[in-house]
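Q: I have a model open and want to learn to read its features. Can we go through them together?

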Amino acid sequence: METSNLKTVALVGRPNVGKSTLFNRLIGKREAIETPIAGTTRDRLYGEVLWQSEKFNLVDVAGIEAGTKTEIDRNIQEGVEMAIENADLIVFMVDWSDKDNEADKQVARKLRKINKKVIIAVNKADNIERIEALEEFERFGNFKVVPISAISGKNTGNLLDAIVTELVTKNSSPIVEEEKESNLINLAIIGRPNVGKSTLLNTILGEKRAVVSSEAGTTRDVLDVIFHHKDAKIRIFDTAGLRRRGKIIKDTIESFSALRTARALRNSEVVILVIDAEEGLVAGDVHILGQAKEFGKGIILAVNKIDLVERDIREFMAETLDKLQLELNFIPWLPVVFISAQDGDNVKSLLNQVVKVSENRRTKVEQEDLDRILEFAKESNFQLQNAKSLVQKKNNPPIFELRYTREKPHYTQIRYLENKIRDIFPMEGSPMFIDLLSVGRNQKRKRSSKR
Ligand code: GDP
């Protein structure tokens, strides 16, 4: 499932307002993916929508009910909240023919409190004389109101236009702005269910004087946790999914984990991937690590529950590292920390590693050093003879540019060069990139002057 770069739109509303009809209409012939909500017979759906060359994920969230009573209701409610938290935009669907509905007003109150863009889709508004009744919904808050008819499809294009416009203009989230703060590290803790993520978070919170941020009084901020470690300020954001406990709820969260992971990757600089010591890596973990690397995130692998290892721990660690090295040969620079989230063993080292990786990700290499490294690489790798110069274009994560003449250096040569850079500047835990730039035109003159 390719959810990684797509923004997410959550479709919320009471049951029977026509959400399914709208959902099906918007995703068209695309395939909807059903994920059951544990403890209920209901499914939640998500699918991709393509409109005006913009693509986004649409999640059909279970119906919001007022005054939820049963546990199942509460679980659904948790799922709804989770979806809302994870969404970049919320489409709140209401029914024109039932416009004075108390439950809708409650939902609107909730939506007003969160710092997200909301579009109200007023369904069954197919008769033009009904338009003035939209004022009713405009009172719900500072939300855009779009009348539609899900059944006939009328105005759904307007709704899509509104969605895409909002998604495209929503580009300066507070997270991105704060990232500029030099000592702030946005950290995400990810991994499969039951590997111990929430235990790890709780242990960290138990040890640190953490601030559960409520700066803007928004739901999202309330769920961010900020604490100091060494000279750094670390923010673990979107902790909602980590903090809620209980099996059924966990399953509900699990159904969103792909979206949650994608979001966590997008908003963080450093990622801790937690795995269970006994289980080791699974395919999903490898995929996430690959994604994190591609996105330029600092990465740390935390092997948790070492307290359960009954064998000699040193032997176990050595063997695990050997195995990981084979399985993760595409990230030889990945730091691995063995922890017991439950007992707190090595949790401090893990946080030290977070700070270190974040620093490594900000590495700036002097031009002199790069010149020397390139010279050395060229001497030992004949195929790099076409390389002219190596410069660093950016850091955080480090991006270099290799300028070359004649043929483009082969991938293996780039990898070789990366290893040479890392021999001197290991940048443990940080991806780095080498872009290629052809400077072919000068090549002839330069070459002849050299000879
Ligand atoms: P999450 O789904 O990744 O958030 O996992 P949890 O933190 O809820 O942990 C799942 C289960 O593993 C719980 O029963 C925890 O008590 C247990 N657990 C978590 N970390 C450790 C650990 O370091 N050692 C042991 N023995 N159990 C752990």
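Q: Does K305 count as buried, partly exposed or exposed, and at what relative accessibility?

A: First, a caution: this is a predicted model. Now the reading. Buried means under 20% relative accessible area, and exposed means over 50%. K305 has 23% relative accessibility, so it counts as partly exposed.

Q: Where is K305 placed, and what is its phi?

A: Start with the general idea. Most residues other than glycine have a negative phi. Now the case. K305 has a positive phi, near 70°. Its place is the loop between β13 and α13 (313-327).

Q: Which loop holds N194, and what is its phi?

A: N194 lies between β8 and α7. Its phi is near 70°, positive in a residue that is not glycine. N194 counts as partly exposed because its relative accessibility is 46%.

Q: Which two residues does a cis peptide bond join?

A: The general idea again: most peptide bonds are trans. Here, the bond between N396 and P397 is cis, with omega about 0°. P397 sits in the loop that links β15 (387-394) and β16 (399-404).

Q: How many helices and strands does the protein have?

A: The secondary structure comes to 17 helices and 17 strands.

Q: What percentage of the residues count as buried?

A: Of 451 residues, 52% are buried. The protein exposes about 21,900 Å². Carbon and sulfur atoms supply 48% of that area.

Q: Among contacts between residues at least 6 apart in sequence, what percentage join residues at least 24 apart?

A: The figure is 71%.

Q: How many residues are in the largest nonpolar core, and which have the most contacts inside it?

A: Such a core is a set of buried nonpolar residues joined through side-chain atoms. In this protein the largest one has 27 residues. Those with the most contacts inside it are L200, I234, I236, L350 and V354.

Q: Which elements each supply at least two residues of this core?

A: The helices are α7 (197-207) and α14 (347-361). The strands are β8 (184-190), β10 (225-229), β11 (232-236), β12 (270-276) and β13 (298-304). The largest share, 6 residues, comes from α14.

Q: Take V354. Leaving aside neighbours within four places in sequence, which residues is V354 in contact with?

A: V354 contacts I185, L187, I234, V270, I272 and I300. One of these, I234, is also among the residues with the most contacts inside the core.

How values were computed. Residues numbered from 1 in each chain as written. Predicted model: local features only at pLDDT ≥ 70, side-chain atom pairs only at ≥ 80, totals over all residues. Heavy atoms only, no water. Helix = DSSP H or I, 4+ residues; strand = E, 2+ residues; numbered from the N terminus. Buried < 20%, exposed > 50% of the residue type's maximum accessible area, 1.4 Å probe, protein only. Contact = heavy atoms within 4.5 Å. Areas by Shrake-Rupley, 256 points an atom, 1.4 Å probe, with all protein chains shown as cover. Core = buried A, V, L, I, M, F, W, Y, C linked by side-chain atoms within 4.5 Å.
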